[in-house]
Amino acid sequence: MKPKVVLTHWVHPETISMLQPVAEVIPNLTRDTLSREEILLRAKDADALMVFMPDCLDQAFIEICPQMKIVSAALKGYDNFDVDACTRRGVWFSIVPDLLTIPTAELTIGLLLGLTRHLLEGDRRIRSGRFRGWQPELYGTGLHGRTVGIIGMGAVGRALAKRLSGFDTRLLYCDKNPLAIEQEQAWNARRVSLDELLQESDFVVPFLPMTLQTLHLINADTIARMKPGSHLINACRGSVVDEQAVVNALRSGHLAGYAADVFEMEEWHRPDRPVAIPQALLDNAQQTFFTPHLGSAVKEVRIEIEREAANNILQALCGERPDGAINDPVFGTVAV
């Protein structure tokens, strides 16, 4: 019998075709997120599992799947998966580390421009039938000559910095590791403390992983230390930002605008996560600009992410170490 591979979310047909010669593939043919119970029902006798951002996997899940050889995540962040539990049970856990970087940086530029240049309001104005030609209205804020502060200069932060250099921005960044001198010069960047970044930036952009240390790093206190009239853009993880603190700052006028592609309600592994985006944010169309988690939603990129996740599965089923593995179940270690 062929090994059984379960895909928890919809994937492109090419991905299924890649796996079918060597495995019995159990796909999710809908665009919906399956319940934990349904995934367990499909995966309890599976040899491999391809998981996605909305999924959560704990020790109890792994123990119900005794034949599992690999959990292949079609994503980069993995805080909602118990990798140690996989390691203890001899299960590979793999990720796709690099392919989300460029599309997420590009989307962040879109969020910056969409928020500050009132693009959605302009679109609504045209569609309303009220537009009769140019008028002096909807004045926004450009990027040229402005100061952008990036909190976390990892792969996505660097990709954003590179693209912002074309807008002639002044770049501040906060990270434990400094950029190379040549990069700082090319991107007009300067490494500063978090306080200085908050106080001087016209736009604050966190690019941090989700950890206990980064949970609500952007909160009422840090927002109060931001430059009055500045903008906040979040395309990393929803829970890095305290959304209720954003609501209050927008109401007070201290924060001029907020754009986001990610939201606290998406942190499924948080037992205290909000069940919805605050209605006050949704109602505030003048100061906010939102997209539905489109960071990697470029067709070619998504196909390549799925392809890498599928290749990790094929390698594990052949007894090889998956290229994207972050643990070593043979020796019981997790890569840091």
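The stops below concern salt bridges in a predicted model. In total, the structure holds 20 of them.

**Stop 1: K4 and D45.** Select these two residues. They form a salt bridge, with the closest N and O atoms 2.7 Å apart. K4 sits in strand β1 (residues 4-7), while D45 is in the loop between α2 (36-43) and β3 (48-51), so the pair links distant parts of the chain, 41 residues apart. K4 is buried at a relative accessible area of 13%, whereas D45 is partly exposed at 37%.

**Stop 2: D79 and R237.** Next, select D79 together with R237. Their side chains meet in a salt bridge of 2.5 Å, N to O. D79 lies in the loop between β4 (70-73) and α4 (83-88), and R237 in the loop between β10 (230-234) and α11 (243-252); 158 residues separate the two in this link between distant parts of the chain. Is R237 buried or exposed? R237 has a relative accessible area of 13%, which is under 20%, and therefore counts as buried. D79, at 28% relative accessibility, is partly exposed.

**Stop 3: E267.** E267 is in the loop between β11 (255-260) and α12 (279-283), so its pairing with R237 ties together parts 30 residues apart in sequence. E267 is buried, with a relative accessible area of 1%.

**Stop 4: a network.** Finally, select E121, R124, R125 and E137. Salt bridges link these four residues in a network.

Conventions:
Residues numbered from 1 in each chain as written. Predicted model: local features only at pLDDT ≥ 70, side-chain atom pairs only at ≥ 80, totals over all residues. Heavy atoms only, no water. Helix = DSSP H or I, 4+ residues; strand = E, 2+ residues; numbered from the N terminus. Buried < 20%, exposed > 50% of the residue type's maximum accessible area, 1.4 Å probe, protein only.
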